[in-house]
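Visitor: Please show me the protein. I would like to go through its elements with you.

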Amino acid sequence: MKTRSLRKEQSGVVLFVALMLLVILSMIGVTVARMQTVEERMARNENNRQLATQAAEAALRDAEYQLLVQPTVGTFSTNTGGYYVVSQTTGSMISGVNFSVPANVLPYNGPALSLVPGQVRTPTIAIELVGFGAVPGDGLTPNQEPATYRITVQGYDADGTPSVQLQEVYR
């Protein structure tokens, strides 16, 4: 008879505690799963940015090569097609250039970007003619004064959004 009286006195506390523990463990599991998703997204974004930086670096080197072999002062006179002249009154022309319009930028002619892992949109290039002149210590005569250029390259993430802009002064 004692066993019957013990069963009547139970009020289901063990069931309630077990359900509470199950809810807490479920919440911890969902939180860990969300953290994993966020960390994976952060790693993917960092990888995309690294790919865009590598592509922009390749385009910067290509622009340097183009300056070695191609442009003349007349190339910069129209302020279109990726070749611009810096205005002494307003400053850089690059600030007003829309890099997403193909007519405003130079094409990238370097090695295929398919060598870079992942899908990378082709970077865009704009070159400004800053001026002519030797800097102190060059030891150049006035007729040997080199041109100074500012190269700006826009690199893009795998999703096509601009993420990296590199700029270099080149003589």
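Some questions and answers on this structure follow.

Guide: This is a predicted model, in which local features need pLDDT of at least 70, side-chain atom pairs count only at pLDDT 80 or more, and totals for chains, interfaces and linings use all residues. Residues are numbered from 1 along each chain as its sequence is written, and side-chain values use heavy atoms, with hydrogens and water left out.

Visitor: In what order do the elements run from the N terminus?

Guide: Helices (H or I, at least four residues) and strands (E, at least two) are DSSP runs, numbered from the N terminus. The protein has 2 helices and 4 strands. Their order is α-α-β-β-β-β.

Visitor: How far apart are the end C-alpha atoms of helix 2?

Guide: The expected span of a helix is 1.5 Å times one less than its number of residues. Helix 2 (residues 13-69) has 57 residues, so it should span 84 Å. The model agrees, with the end C-alpha atoms apart by 85 Å.

Visitor: How many residues of strand 2 are buried?

Guide: Buried means under 20% relative accessible area, exposed over 50%, partly exposed in between (1.4 Å probe, protein chains only). Across the 171 residues of the protein, 30% are buried. Strand 2 (residues 124-132) is mostly covered, and of its 9 residues the buried ones number 7.

Visitor: Which residue in strand 3 is the bridge partner of Thr124?

Guide: Two strands pair if DSSP finds at least two bridges between them. Strand 2 pairs with strand 3 (residues 147-156) in the antiparallel sense, over 8 bridges. In strand 3, the partner of Thr124 is Gln154.
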